[in-house]
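Subject: A structure for you to look at

Hi there,

Here is the structure I promised to pass on. Please open it and keep it beside you while you read my notes.

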Amino acid sequence: MTSHSRTVALLVAAGQGSRAGGEAPKQFRIVGGKAVIAHTVDALAAHGGIDALYLVIGAGQEAKVRGLLGDRSIAAMIEGADSRRGSVRAGLEAIARDGGADRVLIHDAARPFLPGAVIDRLLAALDSQAGAIPVLPVADTLVRGETGVMGDGVARDALFRVQTPQAFAFDTILTAHRGWDEAREATDDAGILRAGGHDVMLVAGDERLEKLTYPQDFARAEAQLASTRTVRVGMGYDVHRLAPDEELWLAGVRVPHDRGLAGHSDADVALHAIVDALLGALAEGDIGSHFPPSDPQWRGAASDQFLAYARDRVVTRGGSIDHVDLTIICEAPKIGPYRDAMRTRIAQILAVPLERISVKATTTERLGFAGRREGIAAQAVATLSLPALS
Ligand code: MG
């Protein structure tokens, strides 16, 4: 395989996960301020070697998943089947319809903490084999015990615990799935490939990659994440001039008004303040240093992309957005009727639940430039959770 080969990830998130307790399937539960499935998607997206991500979900789960993932880039969401094997097959067929791939990583959404080094080892193994799986050695003593009485010991050095992602040459695993006899005993994807006469290479897995199954797994993950994270707060402030013959964009929403804001890009003062708050929390400069007003490509540009960029910076740093509080300062128009649309739009762009976005508005009692309707100001405070050492 060359480095130009196309590698896709197929994330299986169709399970109902009743063993973990609580109402929501385990891949939708929140851990460390973020849904398990979002952790998993971010871990895959953070690896530079993966070109596209396909997601297999349960029937009726699409709206829920889109809400949890926001603007994260997903090539397609595919409805799964009753069995895990059927769900994987549906995902592989969807990838095939899109032109196929050279390599596929098939991963469980309930294994969110996927180190990039595991992906590296899997992809390297595919240079010489059609399949590779991450495994861990068995630490505990193993004995037989079918009768309830201790039987012979089992040599543990020959046994391994299998994790995901499992990595395959795409055409080979697709052919193996298509040829699988429905009546055969259930096995995993590596088992299906092996039954087709191919070797599956074992590479070192990682303890962090354990599946979140039981309530205590979630508690442990929460504690681990909390002990390694720190809270950062950033603030942003912006002002733009009101001018005739301009559209008024505020917090990503077009607001009907007799004047609009003039300046850098679409002059969405509210989104600019949030971008600066996020960059401030990261200590990564300000909007002007990333998108210079002198650069003609940003003239009239929609500010959504600046906010998406700031969100991506947070994700790249391993962070998550805990809360954003925005205040818009103007005499007119009235913000109240657009508040919900603004919150929804910001939450969408930032890929966070609506509950973490606050939009407020105030006038300045007709004092100053805002009071004279010469311009609109906005200020924002963003609270992030970042890895403690970042
Ligand atoms: Mg601005």
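This is a predicted model: local features need pLDDT of at least 70, side-chain atom pairs count only at pLDDT 80 or more; totals for chains, interfaces and linings use all residues.

**The metal site**

Which residues hold the magnesium ion? The ion is coordinated by D238 through OD, H240 through NE2 and H272 through ND1, at 2.1 to 2.2 Å. Along the sequence, these donors follow the spacing D-x1-H-x31-H. D238 sits in strand β13 (residues 229–243) and H272 in helix α8 (residues 269–282), so this pair links distant parts of the chain, 34 residues apart. Is D238 buried or exposed? With a relative accessibility of 17%, D238 counts as buried because the cut-off for buried is under 20%. H272 is also buried, at 2%.

**Helix α3**

Next, find helix α3, which covers residues 84–97. Several of its residues are buried, among them R85, G86, V88, L92 and E93. What covers them? The elements over the buried residues of α3 include strands β1 (7–13), β4 (52–57), β5 (76–79) and β6 (103–108), along with helices α5 (170–178) and α6 (189–195). Just after the helix, G99 takes a positive phi of about 105°.

**Salt bridges**

How many salt bridges does the structure hold? There are 22.

- R85 meets E182 at 3.3 Å, N to O. This pair links distant parts of the chain, as R85 is in helix α3 and E182 is in the loop between α5 and α6, 97 residues apart. E182 is exposed, with a relative accessible area of 57%.
- E93 meets R178 at 2.8 Å, N to O. Here too distant parts of the chain are linked: E93 is in helix α3 and R178 in helix α5, 85 residues apart. E93 counts as buried at 16% relative accessibility, whereas R178 counts as partly exposed at 46%.

Another salt bridge joins E247 and R254, with the closest N and O atoms 3.7 Å apart. E247 is partly exposed at 43%, and R254 is partly exposed at 40%. Finally, look for R84, D108, R111, D189 and K211, which are linked in a network of salt bridges.

Enjoy exploring!

Best wishes

Note on methods. Residues are numbered from 1 along each chain as its sequence is written. Side-chain values use heavy atoms; hydrogens and water are left out. Donors are N, O and S atoms within 2.8 Å of the metal (3.2 Å for Na, K and Ca); water is not among the atoms, so sites may look incomplete. Helices (H or I, at least four residues) and strands (E, at least two) are DSSP runs, numbered from the N terminus. Buried means under 20% relative accessible area, exposed over 50%, partly exposed in between (1.4 Å probe, protein chains only). The expected span of a helix is 1.5 Å times one less than its number of residues. Contact means heavy atoms within 4.5 Å. A salt bridge is a side-chain nitrogen of Lys or Arg within 4 Å of a carboxyl oxygen of Asp or Glu.
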